[in-house]
Amino acid sequence: MADNDAKKMIRLDYKAYLAESGKLYDTTDEAVAKEADIYNEKYTYAPMAYIVGSGKLFPILDEAISKAEVGVEKEILIPAEDAAGGRDPKLIEIYPIREFNRQEINPYPGLQVTLGNRTGHIMSVGAGRVKVDFNSPLAGFDLLYKFTVTEEIKEPVEKAKATVEVCYGDSEGFVFEFPGDKVTVTLPDMAKFNPDWQMARFKVVSELRVAFGVDTVEFVEVWSIGKKDLEDGQKEE
């Protein structure tokens, strides 16, 4: 297995706040989410797998994570300009309310909407017009992160499992091998028929390449007839 360019993978527990108000807006801790009234029943709360240096987090946060010791909580303040940036007035636009009526959307302040290929939040509704803010909800805010690296994932199979979990949500039944300079993934039966896997597999390829420093990711689908199925087929004949 080629690992010269492989990245370190860790599991991360964190709490993210708007620094000025102290309002929690994201966390991996279920109890903390419930206490702050931001709990989402569709989300699985647990330390998340993360590839250090992958660029998926704010650069300052990524750097702090790379230097953190396992099991030690760290705190870092990220200025707005190094987080989601400042608010851009040009990203606040006004639409006629009929645009929403056509899509059978009842607009109200705070509603998240997708128009074209952009996602924004409705600021106000009135006089047949709807004001939509396409800025990031975090734009203009300094952020405070309290985080703990709970473990470094070193064993290749565990790294691969964690990668699939992040991209697809479940790694049960997946089998991983590392022949030469590639990663081979044998799919479980359930994934073969799951449309979510068809969407996730491209992200899995990208993340496995980064995690293991390889160019090639190979998917294997095995279709076999079980002994019972074979016997039932022979009886029918």
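**Strands, loops and a helix in a predicted model**

His121 lies in strand β7. Helices (H or I, at least four residues) and strands (E, at least two) are DSSP runs, numbered from the N terminus. The model is a predicted one, in which local features need pLDDT of at least 70, side-chain atom pairs count only at pLDDT 80 or more, and totals for chains, interfaces and linings use all residues. Residues are numbered from 1 along each chain as its sequence is written, and side-chain values use heavy atoms, with hydrogens and water left out.

With a relative accessible area of 25%, His121 is partly exposed; here buried means under 20% relative accessible area, exposed means over 50%, and partly exposed lies in between (1.4 Å probe, protein chains only). Residues up to four places away in sequence aside, His121 touches Gly110, Leu111, Gln112, Lys131, Val132, Asp133 and Pro137, where contact means heavy atoms within 4.5 Å.

Strand β7 (residues 118-126) runs antiparallel to strand β6 (residues 112-115), and 4 bridges join the two. Two strands are taken to pair if DSSP finds at least two bridges between them. Opposite Arg118 in β7 stands Leu115, while Thr114 has Thr119 of β7 as its bridge partner. The hairpin of β6 and β7 has 2 residues between the strands, and Gly116 in this hairpin takes a positive phi near 70°.

The hairpin formed by β7 and β8 has 2 residues between the strands, and Ala127 in the turn has a positive phi of about 55°.

Lys131 belongs to strand β8. The relative accessibility of Lys131 is 32%, so this residue counts as partly exposed. When neighbours within four places in sequence are left aside, Lys131 is in contact with Ile92, Glu93, Ile94, His121, Ile122, Met123 and Ser124. Of these, Ile94 is 37 residues from Lys131 in sequence, with a C-alpha to C-alpha distance of 4.5 Å.

Positive phi values also occur in loops. Most residues other than glycine have a negative phi. Asp37, a residue other than glycine, has a positive phi near 60°. Asp37 is placed in the loop between α1 (30-35) and β3 (48-51), and counts as exposed at 71% relative accessibility. Glu104 is likewise not a glycine, and its phi is positive at about 55°. The loop that holds Glu104 lies between α3 (98-102) and β6. With a relative accessible area of 76%, Glu104 is exposed.

Ala200 is placed in helix α6 (residues 195-212). At 7% relative accessibility, Ala200 counts as buried. Not counting residues up to four places away in sequence, Ala200 touches Cys167 and Tyr168. Tyr45 is 155 residues from Ala200 in sequence and 20 Å from it in space, C-alpha to C-alpha.

For the protein as a whole, the secondary structure comes to 7 helices and 12 strands. The radius of gyration is 23 Å, well over the 18 Å that the globule rule gives for 237 residues, so the protein is more spread out than a compact globule. This radius is taken over C-alpha atoms, and the globule rule is 2.2 Å times the number of residues to the power 0.38. The C-alpha trace spans about 70 × 50 × 35 Å along its principal axes.

Of the 237 residues in the protein, 35% are buried. Among contacts with a separation of 6 or more, 60% are between residues 24 or more positions apart. The accessible surface of the protein is about 14600 Å², and carbon and sulfur atoms account for 48% of it; the areas come from the Shrake-Rupley method with a 1.4 Å probe, and for residues only the protein chains shown count as cover.
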